[in-house]
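Okay, thanks for making time, everyone.

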Amino acid sequence: VCLGKGACGEVYLVRSKVCGSVLALKRLKKQSITNFNSMISLFGERKSMIQLGTNPYTVTLHASFESANHFNFLLDYCPGGEMFLHISSQNHRLTLD
């Protein structure tokens with residue numbers, strides 16, 4: 001099931017064949033990563049998720065892998081949609097308070 005699409009790829013709802021847990025598979029099209037800055041951003045995102053590990057306030061990266069046409073991130077599935085859409089629909093802003 002496709003959960004969402006963006007300029008660079010899609011996010012799918014998947015189930016682990018090993019343990020049966022529900023996860024999100026973020027697939028980024030290689031052809032959309034067209035310049036060096038995009039590549040730096042992609043690997044920076046991966047590095048940040050690895051460093052954060054199982055922080056309760058972030059999505060856990062379970063695996064990352066590359067296929068012929070995609071870079072793939074296997075992540076926790078967080079139902080409810082994108083947080084930014086919920087915040088912007090209520091005209092709320094995140095603060096440090």
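I'll start with the ground rules, then go through the sheet, the helix and the core.

So, this is a predicted model: local features need pLDDT of at least 70, side-chain atom pairs count only at pLDDT 80 or more, and totals for chains, interfaces and linings use all residues. Residue numbers start from 1 along each chain as its sequence is written, and side-chain values use heavy atoms, with hydrogens and water left out.

We've got 5 strands in an open, antiparallel sheet, ordered 1-2-3-5-4. Strands here are DSSP E runs of at least two residues, helices are H or I runs of at least four, and both are numbered from the N terminus. Two strands pair if DSSP finds at least two bridges between them. At the edges sit strand 1 (2-5) and strand 4 (61-66), each pairing on one side only. On average, neighbouring strands are turned by 20° against each other, direction ignored; axes are lines fitted to C-alpha atoms, for helices over the stretch in contact, with angles from 0 to 180 degrees between N-to-C directions.

Now, is Glu10 buried or exposed? Buried, at a relative accessible area of 13%; the cut-offs are under 20% for buried, over 50% for exposed, partly exposed in between, using a 1.4 Å probe and protein chains only. Beyond its neighbours within four places in sequence, Glu10 is in contact (heavy atoms within 4.5 Å) with residues including Cys2, Leu25 and Arg27.

On to the helix. Helix 1 (residues 36-52) lies across strands 3, 4 and 5, at about 25° to strand 5 (70-76).

Last, the core. The largest nonpolar core has 8 residues, among them Leu28, Met49 and Phe73; that means buried Ala, Val, Leu, Ile, Met, Phe, Trp, Tyr and Cys joined through side-chain atoms within 4.5 Å. Strand 5 gives the largest share, 3 residues. Leaving aside neighbours within four places in sequence, Met49 touches Val59, Leu61, Phe73 and Leu75.
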